[in-house]
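Trainee: I would like to go through the labels used for this model and ask what each one rests on.
Mentor: Go ahead, and I will set each value against its cut-off.

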Amino acid sequence: QTCALPISAEHEISDLRKIPCASDYFAAAALDWQKQHPSDPRTLDILGFAERVVRNSCRTDATKELNHRLFVVVQTRYPESEWARRYKTWE
């Protein structure tokens, strides 16, 4: 027997299912931040932490491409950084 949810709960669950997994969301947000704030000194850490999250959390069909984009940005824009030294491959 299934319990019927109140309509508001059904809407909330539906909305929650539209949110991407945290790693994909964070990666996309970090890449967007980098485009909007390329010279901000916090950008490198935002990208680096996003890369770490992608490597250590949930994955979807979009994760591989987002991980590759993060890796390329860090390696090309910040090749001497701790983050570039930490991650030598994108997978």
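Mentor: This is a predicted model. We can start with T43, which lies in helix α3, residues 43–56.

Trainee: Why is T43 called buried?
Mentor: The relative accessible area of T43 is 0%. Buried means under 20%, so T43 is buried.

Trainee: Which residues does T43 contact, leaving aside neighbours within four places in sequence?
Mentor: T43 is in contact with W33, Q34, H37 and Y78.

Trainee: How do you know that the side chain of S23 reaches the backbone oxygen of C58?
Mentor: The distance is 2.6 Å, and a polar contact requires a pair of N or O atoms within 3.5 Å. The S23 side chain therefore makes a polar contact with that backbone oxygen of C58.

Trainee: Why is C21 called buried, and why is C58 called partly exposed?
Mentor: C21 has 17% relative accessibility. Buried means under 20%, so C21 is buried. C58 has a relative accessible area of 37%. Partly exposed covers values between the buried cut-off of 20% and the exposed cut-off of 50%, so C58 is partly exposed.

Trainee: How many disulfides does a search of the whole structure find?
Mentor: The search finds zero. A disulfide would need a pair of cysteine sulfur atoms within 2.5 Å.

Trainee: What describes the packing of α2 and α4?
Mentor: Two packed helices are described by the angle between their axes and the distance between the axes. For α2 and α4 (residues 63–77), the angle is about 35° and the axes are 10 Å apart. Their crossing is left-handed. On the α2 side the contact is made by S23, D24, A27, A28, A30, L31, Q34 and K35, and on the α4 side by T63, L66, R69, L70, V73 and R77. By class, this contact has seven nonpolar, three polar and four charged residues.

Trainee: Where is E91 found, and what does E91 touch?
Mentor: E91 is in the segment after α5. Not counting residues up to four places away in sequence, E91 touches R55, R59, K64 and N67. E91 and K64 are 27 residues apart in sequence, with their C-alpha atoms 7.7 Å apart.

Note on methods
Residues are numbered from 1 along each chain as its sequence is written. This is a predicted model: local features need pLDDT of at least 70, side-chain atom pairs count only at pLDDT 80 or more; totals for chains, interfaces and linings use all residues. Side-chain values use heavy atoms; hydrogens and water are left out. Helices (H or I, at least four residues) and strands (E, at least two) are DSSP runs, numbered from the N terminus. Buried means under 20% relative accessible area, exposed over 50%, partly exposed in between (1.4 Å probe, protein chains only). Contact means heavy atoms within 4.5 Å. A polar contact is a pair of N or O atoms within 3.5 Å; within protein, one must be able to donate a hydrogen and the other to accept it, and residues adjacent in sequence count only if both atoms are side-chain atoms. Axes are lines fitted to C-alpha atoms, for helices over the stretch in contact, and angles run from 0 to 180 degrees between N-to-C directions. A crossing is left-handed if the near helix is turned anticlockwise from the far one by less than a right angle, and right-handed if clockwise. Ala, Val, Leu, Ile, Met, Phe, Trp, Tyr, Cys and Pro count as nonpolar, Asp, Glu, Lys and Arg as charged, and the others, Gly among them, as polar.
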